[in-house]
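Subject: Handover of a structure and summary of findings

Dear colleague,

Please find below the structure that I am passing on to you.

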Amino acid sequence: MTTNALSNRATATINARPTAKGGVPFTGLLRRPEAGALLGLIGVIAFFSVFGSIKFLGLAGAASWLNVAANLGIIAIPVGLLMIAGELDISVGAMIPAGSMTVAIISGHYGLPIWIGVVASLALGLVVGVVNGFLVARTAVPSLIVTLGTLFAMQGIVLGCSVFITGTTSVALTADPVSKFLFGQFIGGTFQNIIVWWFGLTVLYIFFVHFSRYGNWIFAMGGDKVSARNAGIPTEKLTITLFVLSSTSAAFVGMCQAILFNSAQVSAGMTYIFNSIISVVVGGVLLTGGFGSIIGIFLGTITFAIVNQGIYFTDFDRNWSSLIIGVMLLLAVLMNNTFRKMALTYSAKKK
C-alpha cells in the first residue's frame, strides 16, 4: 500500500467527507469530528446567556474568556495533534514557566536585549521538544512516561536555576514598546494581543493538517503507526516535529505572559496540562488517536474557556465550577464517541 493510499484511507475514515453534489448535508456535518464541539459551544453560550448577567455578552465578558482561550489554545492545538498521532505531552506544564523565566532572567535580571530572551525561550522549547520526540521515537517508553519525566526535570531545572541565579522564584521584566506590541499588550485595555497569535496560528494549523500531506500522515500514525511506517511515512521525524511544536508553543505562551505582566514565576503553568487535554477532548479528539480536527480543538478551547469564566457572571456558587467542567468533559466524550461511530459507519457504507 502506498503512502497516499494509506493517508487517504485514514482521512476518509476520520473526516467522513460527504460526497453529495451541490453542498454539504446536515447529516454530513454531524459526522465530522468537530460536530460535538460545535453543539457543545452553542449549548454553553445559550446556558450562560440565560443564567449569566448582561456583562457576559459585553466586551468585558468576551475578553475574560477569549484571553483564557488564546493562551490555552496555542498549547492545545499541538497537544491535540500529538493525541491524534497517538502520543501525549504533559511536559507543557513545565515549559510555560521555563519560557517565562528564561526571558525574565536573560532580559530582566541580566538586562540583555529582549530579543535575546525571546530567542532563548523558544530555543529552550525546541531543545526539550527534540529530547521528548527522540526518546519517544527511538525507545519503547510511552510518551506519557517520557514527558512526565521531562515535566519534573524541567520543574527542578527552572526552580534551581532561578534561585541560584537570582536568589528568588519571581523575576521582574521590563520590555520595550516593540516587544510589548508584538507579544504582551492589551488591545483596547481588555483583549490580550496573544489572541491575534492564536487566530493566526490556528489558520496555519488548519492548512497544515487538513490541506497538506503532513496532516494525512498524522492521522495515519494515529490509526496504525506500524502500517504508516511501512508505507513510507517518516514517523520518527514527524513525531519529533510534533513534540517540538508542543514544547515551543508552551514556551511561547510563557514568554508572552512574562512580557505582558512584566514578571515571571516558577510556579505557573501546571493547570495547563489538564486544561489543554480537556479542551482537546471536548474538541472531538480521541485519546486513542486517529480522530479529530483543528477546528474542533479551536471550538473545544473556546467552550472550556466560556465554562471556566462564565460561572463568574452567574449567581451560582463558584465551588461548582469544577463539577460543571467534569460533567462537560464526560458529555463531550460520549458525544464524540457517538459522532465517531457515525463517521465510521458512513465510511463503511461508502465502500
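The findings follow, from the overall architecture down to individual residues.

Please note at the outset that this is a predicted model.

Overall architecture

The protein chain contains 15 helices and 4 strands. Of its 351 residues, 52% are buried. Among contacts with a separation of 6 or more, 77% join residues 24 or more positions apart. The accessible surface of the chain is about 15800 Å², and carbon and sulfur atoms account for 70% of this area.

The nonpolar core

The largest nonpolar core comprises 91 residues. Within this core, the residues with the most contacts are Trp65, Ile75, Leu81, Trp198, Met255 and Ile306. Helix α4 (residues 59-84) is the element that gives the most to the core, contributing 16 residues. For Ile75, once neighbours within four places in sequence are set aside, the contacts are Val92, Ile96, Ser249, Ala250, Val253, Tyr272 and Ser276. As general background, nonpolar side chains tend to be buried together in soluble globular proteins.

Helix α10 (residues 213-223) is largely enclosed by the rest of the structure, because 8 of its 11 residues are buried. The buried residues are Gly215, Asn216, Trp217, Ile218, Phe219, Ala220, Met221 and Gly222.

Leu238 belongs to helix α12 (residues 235-261). With a relative accessible area of 6%, Leu238 falls under the 20% limit and is therefore buried. Apart from neighbours within four places in sequence, Leu238 contacts Tyr214, Trp217, Ile218 and Met221. The C-alpha atom of Leu238 is separated by 9.9 Å from that of Leu82, although the two residues are 156 residues apart along the chain.

The loop between α12 and β4 (263-265) contains Asn262. The phi angle of Asn262 is near 60°, a positive value in a residue other than glycine. For context, most residues other than glycine have a negative phi. Asn262 has a relative accessibility of 35% and so counts as partly exposed.

Aromatic pairs

A search of the whole structure finds 9 aromatic pairs. One of these is formed by Phe183 and Phe252 in an edge-to-face arrangement, with 6.1 Å from centre to centre and 80° between the planes. The pair links distant parts of the chain, since Phe183 is in helix α8 (residues 177-183) and Phe252 in helix α12, 69 residues apart. Both partners are buried: the relative accessible area is 13% for Phe183 and 9% for Phe252. Together with Trp197, these two residues form one aromatic cluster.

The nonpolar surface patch

Phe134 lies in helix α6 (residues 114-138). The relative accessibility of Phe134 is 41%, between the limits of 20% and 50%, so this residue counts as partly exposed. In general, an α-helix has 3.6 residues a turn, so residues three or four places apart point the same way.

Yours sincerely

Definitions and conventions:
Residues numbered from 1 in each chain as written. Heavy atoms only, no water. Helix = DSSP H or I, 4+ residues; strand = E, 2+ residues; numbered from the N terminus. Buried < 20%, exposed > 50% of the residue type's maximum accessible area, 1.4 Å probe, protein only. Contact = heavy atoms within 4.5 Å. Core = buried A, V, L, I, M, F, W, Y, C linked by side-chain atoms within 4.5 Å. Areas by Shrake-Rupley, 256 points an atom, 1.4 Å probe, with all protein chains shown as cover. Phe/Tyr/Trp six-rings, centres within 6.5 Å; stacked < 30°, edge-to-face > 60°.
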